Each structure stands twice: as C-alpha cells, then as structure tokens.
Amino acid sequence: MKESLSPKAHEILAHARSLLEAGGYNGFSYADVSARVNISKASIHHHFPSKADLVRTVVELYRAEAREGLALLDRQLGDPLQELNAYVDYWSACIAGGTASFCICAMLAAEMPMIPLEVADEVRGHFEDLTSWLTATLEKGVARGQLRLQGTPADEAKAFMASVHGAMLAARGFGDAATFAALARLSIARVSAAA
C-alpha cells in the first residue's frame with residue numbers, strides 16, 4: 001500500500017502522524033494538515049476522503065513500520081534482554097531527540113471510545129502485534145535464564161508495554177525525556193534474572 005501512495009499523500013500522512021502524536025485523533029483537523037502541507041482541504045480529501053481514512057492509513061503504516069523494526073531486532077540481536085533494551089533505547093532516542101515523543105497507538109488508545117471503529121481496529125492490532133513480540137521475547141529470555149517472570153509471559157508482556165507507555169506519559173507530564181529512560185529501565189530490571 002505504501003508504494004501506491006503519491007509523494008503528496010506521504011507528506012500528508014507524515015504531518016497527520018506528528019499531529020496525532022501531539023494531540024490524538026480529536027486534536028487536529030484537515031485545516032491543520034492543510035496549513036502544514038500548504039494544500040487545500042479539498043486536495044487532502046482527494047487523497048483521503050475522510051479523517052478516519054487518513055488516520056487509519058497512518059496507523060496501518062505505523063504498524064508495518066513497528067513490525068519491521070521488531071523483526072529487525074530479532075534478526076540483528078537474537079538476544080531477548082538486548083532486544084528489550086534496544087526497544088527501550090529506540091524510544092529513549094526518539095523522545096530525547098524530539099523525533100517522536102509518544103506512541104501514536106498509545107495516544108489513540110486513550111481515545112478509543114471516541115474514534116471510528118476502523119481506526120480503533122488498527123490501534124488494537126498494534127497492541128496485539130507488540131504484545132505478541134514481547135511475549136515471544138520474554139519466553140525466549142526465560143528459556144535462556146536471562147529473564148524471570150512473576151506472571152504468564154502474555155500478562156508480563158502487557159505489563160511491560162503498559163509500563164513503557166506509562167513512562168512516555170510521565171516523561172511528557174514532567175517535561176523531561178530522562179524520566180522515560182529511567183522508568184523504562186526499571187521495567188527491564190523487574191524482569192531481569194540478574195536483578
């Protein structure tokens with residue numbers, strides 16, 4: 001799907017993604033995107049007939065990007081503890097560098113009762129994708145003696161994900177990127193067998 005989009009559609013998607021990250025689904029309008037991309041709202045509607053279409057496409061691409069990134073960690077590192085650390089390091093670098101301060105799916109999850117079903121389905125899909133990866137990573141870590149879990153791998157995966165998303169929220173609330181790294185490291189330490 002990414003290949004079938006025009007350069008202008010990609011530009012629209014990039015700006016919509018940054019607006020979603022900053023304020024969620026209800027935090028922006030086509031007028032905001034229009035001002036950033038410097039095209040008319042009608043032109044945006046040509047590419048994405050509705051806001052739901054636009055946001056669903058952003059989340060679909062975000063999910064694909066996340067799946068590729070997680071698969072790359074598996075291939076390059078092949079070590080569960082290093083993979084968890086690399087996942088946290090990725091977000092630490094994004095938050096500290098200002099390239100991404102919040103997972104857009106976590107932001108949209110807070111709005112689930114108010115967003116269109118097709119967007120909510122994609123958000124839920126991202127949570128399922130991430131939970132699957134974390135569950136498999138934790139299971140491998142336990143098998144290698146690197147990690148120690150208090151609950152089932154699936155429950156621990158959800159707890160880890162919630163901790164990381166909560167650390168993003170805390171970093172935003174305190175206005176301090178270092179808060180994210182400190183809290184996320186505690187989540188890793190909690191499951192580390194060395195702890």
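This briefing covers the helices, the void spaces and a few individual residues of the structure. The model is predicted. The largest pocket holds about 310 Å³ of space, and a search of the whole structure finds one cavity of 30 Å³ or more. Helix 7, at residues 117–143, contains R124 and T131, and helix 7 is also among the elements that give two or more residues to the lining of the largest pocket.

**Largest pocket**

- The space in the largest pocket comes to about 310 Å³.
- Its lining has 18 residues, and those closest to the pocket centre are A66, G69, L70, Y87 and Y90.
- Helix 4 (51–76), helix 5 and helix 7 are the elements that contribute two or more residues to this lining.
- Helix 4 provides the largest share of the pocket lining, with nine residues.
- Sorted by class, the lining of the largest pocket comprises eleven nonpolar, two polar and five charged residues.

**Largest cavity**

- One cavity of 30 Å³ or more turns up when the whole structure is searched.
- Helix 8 and helix 9 each supply at least two of the residues in the cavity lining.
- By class, three residues of this lining are nonpolar, two are polar and one is charged.

- An α-helix has 3.6 residues a turn, so residues three or four places apart point the same way.

**Helix 7: overall geometry**

- Helix 7 has 27 residues, and the distance from its first C-alpha to its last is 38 Å.
- That span is close to the 39 Å expected at 1.5 Å a residue.
- G145 follows helix 7 and has a positive phi, near 80°.

**Helix 7: T131**

- T131 is part of helix 7.
- T131 counts as buried because its relative accessibility is 11%, and the cut-off for buried is under 20%.
- Apart from neighbours within four places in sequence, T131 is in contact with A154, A157, K158 and M161.
- The C-alpha atoms of T131 and D155 are separated by 8.9 Å, with the two residues 24 residues apart along the chain.
- A polar atom of the T131 side chain lies 2.8 Å from the backbone oxygen of F127.

**Helix 7: R124**

- R124 also belongs to helix 7 (residues 117–143).
- R124 is partly exposed, at a relative accessible area of 38%.
- The side chain of R124 makes a polar contact with the side chain of D121, at 3.1 Å.
- R124 and D89 are 35 residues apart along the chain, and their C-alpha atoms are separated by 24 Å.

- C94 lies in helix 5 and is buried, with a relative accessible area of 7%.
- Not counting residues up to four places away in sequence, C94 touches T99 and A100.
- The C-alpha atoms of C94 and A177 are separated by 9.3 Å, although the residues are 83 residues apart along the chain.
- Q82 lies in helix 5 and counts as partly exposed, at 43% relative accessibility.
- From C-alpha to C-alpha, Q82 and V55 are 33 Å apart in space, and they are 27 residues apart in sequence.

**Loop residue N38**

- N38 sits in the loop between helix 2 (30–37) and helix 3 (41–47).
- The phi of N38 is near 65°, a positive value in a residue other than glycine.
- N38 is exposed because its relative accessible area is 70%, and the cut-off for exposed is over 50%.

Terms used: Residues numbered from 1 in each chain as written. Heavy atoms only, no water. Helix = DSSP H or I, 4+ residues; strand = E, 2+ residues; numbered from the N terminus. Buried < 20%, exposed > 50% of the residue type's maximum accessible area, 1.4 Å probe, protein only. Polar contact = N/O pair within 3.5 Å; in protein donor to acceptor, adjacent residues only side chain to side chain. Expected span 1.5 Å × (residues − 1). 1 Å grid on protein atoms, 1.4 Å probe; cavity = no way out; pocket = protein on both sides within 12 Å on 5 of 7 lines; lining within 4 Å. Points joined across faces, edges and corners; volume = space filled by probe spheres on them. Nonpolar A, V, L, I, M, F, W, Y, C, P; charged D, E, K, R; others polar. Contact = heavy atoms within 4.5 Å.
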